[in-house]
Amino acid sequence: MTPEKLIEMAKEAMTHAYAPYSGYKVGAALLCADGTVYGGCNIENASYTPTNCAERTAFFKAVYDGHRDFKAIAVVGGKDGVITGAFPPCGVCRQVMREFCSDDFMIYMGTNDENYQSMTLAELLPFSFCASEHMN
Ligand code: THU
């Protein structure tokens, strides 16, 4: 699985977005260690707070299906689904990644051209709170 292919899958996932309030459509494609890919989109709510981000939708679908081991996630998003630049995962989504992923988990953020920015989870969420390190 290449980053480019994973970004393509995130773009497809973005078409599932339910974002009538912000207008920001976001898609994610989560690559599991066994090669399975889960798509996710943001799902908004009139009460705002219950809104679920695209990344967490993908993670929760995968975890429900029994996956615990992940390699990478691609994320794309933009107003009305128009990608103008990299769409970095929010802090809550980074913390959800931390729950299941190691420092070298890759985050690919697609941009408006065929390019993308990539960062590791350690770079996106340094000095993080992690159950395996802080609760045992
Ligand atoms: N959003 C995501 O889906 N992922 C993120 O990491 C950041 C924000 C969504 C939530 C909301 O529906 C819209 O983008 C605007 O915040």
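Is His 67 buried or exposed? In this predicted model, His 67 is buried, since its relative accessible area of 14% falls under the 20% limit. The residue is placed in the loop that runs between helix H2 (54-64) and strand S3 (70-79). Beyond residues up to four places away in sequence, His 67 touches Cys 32, Asp 34, Thr 36, Tyr 38 and Ala 62. With one of these, Tyr 38, the side chain of His 67 also makes a polar contact of 3.3 Å.

The side chain of Arg 56 is joined to that of Asn 52 by a polar contact of 3.3 Å. When neighbours within four places in sequence are left aside, the contacts of Arg 56 are Thr 51, Val 92, Cys 93 and Val 96. Ile 73 stands 17 residues from Arg 56 along the chain, and the C-alpha atoms of the two are separated by 11 Å.

The ligand is surrounded by 13 residues, of which Asn 42, Glu 44, Ala 54, Glu 55 and Cys 90 are the closest. A polar side-chain atom of Glu 44 lies 2.5 Å from a ligand oxygen, and a polar side-chain atom of Asn 42 lies 2.9 Å from a ligand oxygen. For Ala 54, the atom concerned is a backbone N or O, at 3.0 Å from an oxygen atom of the ligand. The protein buries 81% of the 370 Å² that the ligand exposes when taken alone.

Two salt bridges are present in the structure. Side chains of opposite charge can pair when their charged atoms come close. In the pair formed by Glu 8 and Lys 11, the closest N and O atoms are 3.6 Å apart. Because Glu 8 and Lys 11 are three residues apart in helix H1, about one helical turn separates them. Glu 8 is partly exposed, at 39% relative accessibility, and Lys 11 is likewise partly exposed, at 22%. The other pair joins the side chains of Arg 98 and Asp 103, with an N to O distance of 3.1 Å. Here the two partners fall into separate accessibility classes: Arg 98 counts as buried at 7% relative accessibility, whereas Asp 103 is partly exposed with a relative accessible area of 44%.

Tyr 18 is located in the loop between helix H1 (3-14) and strand S1 (24-32). At 43% relative accessibility, Tyr 18 counts as partly exposed, so the residue lies above the 30% cut-off for patch members.

Backbone geometry was also examined. Most residues other than glycine have a negative phi. Asp 80, although not a glycine, has a positive phi of about 55 degrees. Asp 80 sits in the loop between S3 and helix H3 (91-100) and counts as exposed at 56% relative accessibility. Phe 127, also a residue other than glycine, has a positive phi near 50 degrees. Phe 127 is found in the loop between helix H4 (121-124) and helix H5 (131-134), and with 90% relative accessibility Phe 127 counts as exposed.

Terms used. Residues numbered from 1 in each chain as written. Predicted model: local features only at pLDDT ≥ 70, side-chain atom pairs only at ≥ 80, totals over all residues. Heavy atoms only, no water. Helix = DSSP H or I, 4+ residues; strand = E, 2+ residues; numbered from the N terminus. Buried < 20%, exposed > 50% of the residue type's maximum accessible area, 1.4 Å probe, protein only. Near = heavy atom within 4 Å. Polar contact = N/O pair within 3.5 Å; in protein donor to acceptor, adjacent residues only side chain to side chain. Areas by Shrake-Rupley, 256 points an atom, 1.4 Å probe, with all protein chains shown as cover. Contact = heavy atoms within 4.5 Å. Salt bridge = Lys/Arg side-chain N within 4 Å of Asp/Glu carboxyl O.
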